[in-house]
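Here are my notes on the model you sent. They are set out as numbered points, to be read beside the structure.

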Amino acid sequence: MRIGIVCPYAFDVPGGVQFHVRDLAEHFLAEGHDVAVLAPQEDDEVELPSWFTSCGRPVAVPYNGSVARVAFGPITSARVTRWIDEGGFDVLHIHEPMVPSASVLSLWAADTVPIVATFHTSTVRSRALHVANPMLRPSLEKIRARIAVSDEARRTVRRHLRADSYVIPNGVDVEHFRQARPDARFTGTPGHPTVAFLGRIDEPRKGLDLALSALPGLRARHPGVRLLVAGPGERDISVPGVEVLGLVSDTDKAALLSSVDAYLAPHTGGESFGIVLVEAMAGGAPVVCSDLNAFVDVLGEPPAGVTFASGDADALVEALADVLDDADTRSLLRGRGRARAEAFDWGVVAEKIMAVYDTVIESAELAPDEQAGRVRDRLRRIRSGRRDRRKDSDE
Amino acid sequence: MSDSALDLGTVVFLVVGVIVLAAWYLSYSASRLDRLHAKVEGAMSALDAQLVRRAEASLELAASGALDPATSLVLADAASAAVDRHTEHPLREDPLDGQNFAGREPVESDLTRALEAALPPETCDLLRATDEDGELDDAAAILARVEGAALRVQLARQFHNDAVAEVRRVRAKTVVRLFRLAGHAALPKVVHFDDDLPPGLRS
C-alpha cells in the first residue's frame, strides 16, 4: 500500500505529533508498505530519512494560545500540492487537520485520494474555528475517517466540529520499556523509597512545582524519600530529597521506570494523551497521577494507577504516601499497568490504523462517481445546478 | 436624467450580480451535497462488504472444528442468518434499500452476540496457543480473520454514521430545503447495531 502521511509541525524538532508520525511511518515501512511523510523542516542541514519531504521552513505565529511553528504561504502550498499529485497515494493520512500548516493545505489540495485524519490536541479555540468554519468545512468534508488519539481528543472534536471520531491511542514501544531491568542508581531501599518525575522541569503544566510543594508533607511520612527528576529544562532546584538527573537517555528512562517505587505525574492540564503514563506502566512503575481526563482514560478500568485531585498538594501527598506504604498495592498496580500498556503497543495500534486505511480505501472505491475527472465533475455540477433551478421554477 | 440612467445601470448590474452569486451558491451547494451523498453510499457499501467478510469468517470458524460442536452450531446459525440476509438484499443494486440498511440490524447484532459467546478470552488464547506447536495453524489464522473483520465492521459503521451526520446537517439548511437541492435522494439514516468486539479479541 502507498501511504502519504502529513505532519503539521517541523519534523526535525521533538514533539508528540512528530514522534507519532515517525514511529507510524517506520512501522509501516518495516511491514513492507510504501510510506512518504510531508512536514515542515526547521534546518535544511539536518539529515532526514529518504521517505521524508520538506514542505518548507516553519515560521513562528501566535496560534491557539501559544506560539506555533508552522509552514504556510504560496510556496509551501505549491509544494504540498505537488507532493500529493506526484505521490500516487492509496491513502492520505493527515495529522491535526485544523492546524494552519501542511495539514490544512494538504486537506485543501487533496482531490481524489481517500483521506484519514487524526486529531491529537484537546485544546482548540472555538472562536477561531467559528470564524474559519465556512472556509474549512468543505475541506473537512473530504475526510472519510476521523481518528482521535484519546477520549479527551474525541470530546474536543465533538465539541468543536460536532462530529464523531474513532479512538485509536498513540503507540508506545512497549517492548523497549518491558525489557528494561532495574538499575541500582534508581532503586529504592527500605526507608528510602524512590519516586520518578519525567518531563520538562521549566514547563508549569508538567506540575513540578506541585510536586515540590508537596515534598515537605511527603517527607513527614517518608523522611528518606528520593524524588528523581528527569527531563530537560533550565531551572535551579536545590531542595533536600530531590535529585535532578537532567535529560536522560531512552535506556536510562526505561531503567528508571522499572526501578522506582512510584512514578508521579502531577500535570495540571494541557495533556490530551498521557503517553508518559503508558511508558511508566510498560516499564512497571506504579503510577500516581493527577485526575486529568486524559490520564483517567489511559489508566483504564479497573484503574492501573492511583489518581489525586489535579493541583491539590495534600491529595498528592496522601495518594503517593499510601502507595509507598503498601508493597501489595504497588505490585497490584505494576501488574495492572503492564497488562494495560499492551493496548498501546505499536503493533496493536498500527494494525487498527491499517484497518482504517482498508475501510476508507474500500469505501472510496465503492462510492459512485469518485473517478470522475475534474472537468467532467465541474460540468456535472453546473448541469445539476441548472436542473435544480429549473425544477425550482417549475414548481 | 443621466443620474437616473446611472442608477438604472447600477441596479441592473447589482441584480445580475446577485443572481449570478445565488446561482453559483446553489450550484456549489448542490455539488457539495452530491459529494456527501456519494461518500455515504461508498461508506455503506464498505460496511456491507465488511459485514459479509465478518459473516464468512465466522462461518469458516464454525466449520473449522476448532470450537466445540455446541459453540460451532450457535455461531454457524448466527453467521448463516447474516449471510442469508445479505443475499436477500443485494445492496449495490438497490442503493435506497442500502441507505436504510434493509432492517438488517437485529441479524448483525445477533452475530455480534454469538461471537461474544463463542470467543471468551480463554477460547481465544487456546486457539492462538495451538498455533505454537504448528498443528492447528488454520484456527489461529481464521481467528485473526474474524478479529480483523469485526474491527473493520466497527470502523465502517462509525465512518458511515459520521458521513450520514454530515449529509443530514447540510440537508437541514434552509437554502437546501427551499430549493430542494437534494433532489430525490432519500435522507440517509445512521445504522445502529451492536458491533462490540468479542472480549477475547479486545486489545
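1. Contacts of A:Ala196. Setting aside residues up to four places away in sequence, A:Ala196 touches A:Leu228, A:Ala230, A:Leu256, A:Leu257, A:Val260, A:Tyr263, A:Leu264 and A:Ala285. Contact here means that the C-beta atoms of two residues, placed from the backbone, lie within 7 Å.

2. Ground rules. This is a predicted model, where local features need pLDDT of at least 70, side-chain atom pairs count only at pLDDT 80 or more, and totals for chains, interfaces and linings use all residues. Residues are numbered from 1 along each chain as its sequence is written, while chains are lettered from A and ligands numbered from 1 in the order in which they are written.

3. The nonpolar core. A:Ala196 belongs with A:Val287 and A:Leu320 as the residues with the most contacts inside the largest nonpolar core, which has 167 residues. Such a core is a set of buried Ala, Val, Leu, Ile, Met, Phe, Trp, Tyr and Cys residues joined through C-beta atoms within 7 Å. A residue is buried if 20 or more other C-beta atoms, placed from the backbone, lie within 10 Å of its own; it is exposed if 12 or fewer do, and partly exposed in between. Helix α1 (residues 2–63) of chain B gives this core its largest share, 16 residues. Domain 1 (2–171 + 347–386) and domain 2 (182–342) of chain A both contribute residues, so the core lies between them.

4. Make-up of chain A. Chain A holds 14 helices and 15 strands. Both kinds of element are DSSP runs numbered from the N terminus: helices are H or I with at least four residues, strands are E with at least two. Of the 395 residues in chain A, 47% are buried. Take the contacts in chain A between residues at least 6 apart in sequence: 68% of these join residues at least 24 apart. The C-alpha centres of domain 1 and domain 2 of chain A are 34 Å apart. The domain bounds come from an automatic or database domain assignment.

5. The seven-stranded sheet. Chain A has an open sheet in the order β3-β2-β1-β6-β7-β8-β9, with parallel pairing. Two strands pair if DSSP finds at least two bridges between them. β3 (52–54) and β9 (166–167) of chain A stand at the edges with a single partner strand each, so one side of each has no neighbour in the sheet. β8(A) and β9(A) are joined by two bridges in the parallel sense. A:Ile147 stands opposite A:Tyr166 in β9(A).

6. Strand β14(A). Which residues cover the two faces of strand β14 (residues 287–290) of chain A? A:Val287 and A:Cys289 lie on one side, A:Val288 and A:Ser290 on the other, and all are buried. Strand β13 (residues 262–265) of chain A pairs with β14(A) in the parallel sense over three bridges. A:Ala265 has A:Cys289 as its bridge partner in β14(A). Strand β15 (residues 305–308) of chain A also runs parallel to β14(A), through four bridges. There, A:Val306 in β15(A) is the bridge partner of A:Val288.

7. Helix α9(A). Nine of the nine residues of helix α9 (residues 275–283) of chain A are buried, so the helix is largely enclosed by the rest of the structure. Among them are A:Glu279, A:Met281 and A:Gly283. A:Gly284 follows α9(A) and has a positive phi, near 95°.

8. The interface. 33 residues of chain A contact 30 residues of chain B. On the chain A side, β8 (143–148), α13 (346–366) and α14 (374–394) each supply at least two residues. α13(A) gives the largest share, eleven residues. This side of chain A divides into 14 nonpolar, four polar and 15 charged residues. Nonpolar covers Ala, Val, Leu, Ile, Met, Phe, Trp, Tyr, Cys and Pro; charged covers Asp, Glu, Lys and Arg; the others, Gly among them, are polar. The predictor gives the complex an ipTM of 0.82 and a pTM of 0.83.

9. Confidence in chain B. Chain B averages a pLDDT of 84, with 84% of the residues scoring at least 70. pLDDT is the predictor's confidence in each residue, from 0 to 100. Where pLDDT is low, the predicted coordinates should not be read in detail.
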